[in-house]
Every structure is written in C-alpha cells, then in structure tokens.
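Subject: Structure handover

Hello,

Here is the structure I promised to pass on. Please open it and keep it beside you while you read my notes below.

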Amino acid sequence: MVACPRGATPSRSSCSRAEGLRPHRDPLLRLIGLFKLVKGVILLAAGVGAVYLSRDGAMDTFSLWIGGLPLHPGNRWIVQPLATLLAVNPRTLRAVGLGTFVYAAIFTTEGVGLLLGRHWAEYMAVVATASFLPLEVYEATQRPGASRVLIIVLNLAIVLYLLVRLRAESRRAAG
C-alpha cells in the first residue's frame, strides 16, 4: 500500500486518492507489468499480421516477399512455420487475428494497469494468468519443450508472487 502524501491527513479518502495517482515502487511489479505489456504489443502485431494476410491477394504478396529473402531452404525453424502459415485459409486467419486481439487487449490492460500501480490490475493479472495456466499445461503435454515449461513456471511464479503481495496488502489494510 502506498503511504499518504506528506502533509495529507491520513483519512481513507486522501490515501485512496494518493494511491490512485502514484505508481507502485515495487520493481518486480513493474517488471511484471512491462512483461505483460510487451506480450500485449507482440500479440497486437501478430493479430494485425493475421488479419492483413486474410485479405485477398495478401498471401501471394507475402509469398513473393518471403521468396526474395535469403533463407536457407533446409532451415526448419523458418521454412516450416512459413509453410504452415501459407497453408491456412483466410477465414481461419481472421478468426486467429480477432482472438489474438482479445488476448492483446487483456495483456495490454494488465501491463498498463500494473505499470500505473493500479490495485485492480494486480487482481486482473492473477485471474487472467491463472486462467491461462491449464491451457499452457495442456499444450506442454501435447508438444513438450523447454520453452513451454519455462512459460508455465514463469506464469506460475507471477501468480504466486501477486497472491502473496495481495494477501500482505490485505493484512496491512486490516491491521
């Protein structure tokens, strides 16, 4: 909880106004907010790309552009995802783009709220991050990999940290 500004009476309303205006000083909370904001921006870019590629003729233009890049044909990290992308029909791309916009909005809202020190953003981050964990665990069981496990561990650590932080704030407010 943020202390009341110097010279303010410690009434509930003055402290609430001060808390609403001052960002948290917790560097880990800021790091989580930045992480969420970066994820939101990346998803926004992916959504724009998916919607753009769903337009008529965009896939042909994209294919020509990719064909002009000096990519090694045997590089599976580049060629396989591009081949998969080029095989997706426009309707599916639009659906993926719109779904990606929803996730981008959630992550961006969380990130901005955490960076601005909004208490509601901590609750939102706990609920949203925890709600994605079962899907992430399922994905990790279907296609195991170190990066998937790292994402699960990171998101679980974020949820646990925020829960401990919220509980401590609740105890301070009550006591």
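Serine 63 sits in helix α3, residues 58–67. Helices are DSSP runs of H or I with at least four residues, strands are runs of E with at least two, and both are numbered from the N terminus. Serine 63 is partly exposed, at 31% relative accessible area. Buried means under 20% relative accessible area, exposed means over 50%, and partly exposed is in between (1.4 Å probe, protein chains only). Leucine 82 is 19 residues from serine 63 in sequence, and their C-alpha atoms are 8.9 Å apart in space.

A word on the source. This is a predicted model, where local features need pLDDT of at least 70 and side-chain atom pairs count only at pLDDT 80 or more, while totals for chains, interfaces and linings use all residues. Residues are numbered from 1 along each chain as its sequence is written, and side-chain values use heavy atoms, with hydrogens and water left out.

Now the whole chain. Its secondary structure comes to seven helices and zero strands. Of its 175 residues, 29% count as buried. Take the contacts (heavy atoms within 4.5 Å). Among those between residues at least 6 apart in sequence, 67% join residues at least 24 apart.

Next, helix α7, residues 146–174. Why does a span of 42 Å make sense for its 29 residues? The expected span is 1.5 Å times one less than the number of residues. That gives 42 Å for α7, and its end C-alpha atoms are 42 Å apart, so the two agree. Buried residues in α7 include Ile152, Asn155, Ile158, Val159 and Leu162. Arg165, Leu166 and Glu169 are buried in α7 too. An α-helix has 3.6 residues a turn, so residues three or four places apart point the same way. The cover over the buried residues of α7 includes α2 (27–53) and α6 (119–142).

Helix α5 comes next. Threonine 100 lies in this helix. It counts as buried, at 12% relative accessibility. Leaving aside neighbours within four places in sequence, threonine 100 is in contact with Leu43, Ala46 and Gly47.

How many aromatic pairs does a search of the whole structure find? It finds two. Rings of Phe, Tyr and Trp (its six-membered ring) pair if their centres lie within 6.5 Å; planes under 30 degrees apart are stacked, over 60 edge-to-face, and the rest tilted. Phenylalanine 107 and phenylalanine 132 have ring centres 5.7 Å apart and planes at 55 degrees, so this pair is tilted. Phenylalanine 107 is in α5 and phenylalanine 132 in α6, so the pair ties together parts 25 residues apart in sequence. Phenylalanine 107 is buried at 8% relative accessibility, and phenylalanine 132 is buried at 16%. Tyr103, Phe107 and Phe132 form one aromatic cluster.

Last, the largest pocket. A pocket is an open set of points on a 1 Å grid over the protein atoms alone, where a 1.4 Å probe fits, with protein on both sides within 12 Å along at least five of seven lines; lining residues have an atom within 4 Å of a point. The largest pocket has 16 lining residues, and Leu135, Glu136, Glu139, Arg148 and Ile151 lie nearest its centre. Helices α2, α5 (90–115), α6 and α7 each give two or more residues to this lining. The largest share, five residues, comes from α7.

Best wishes
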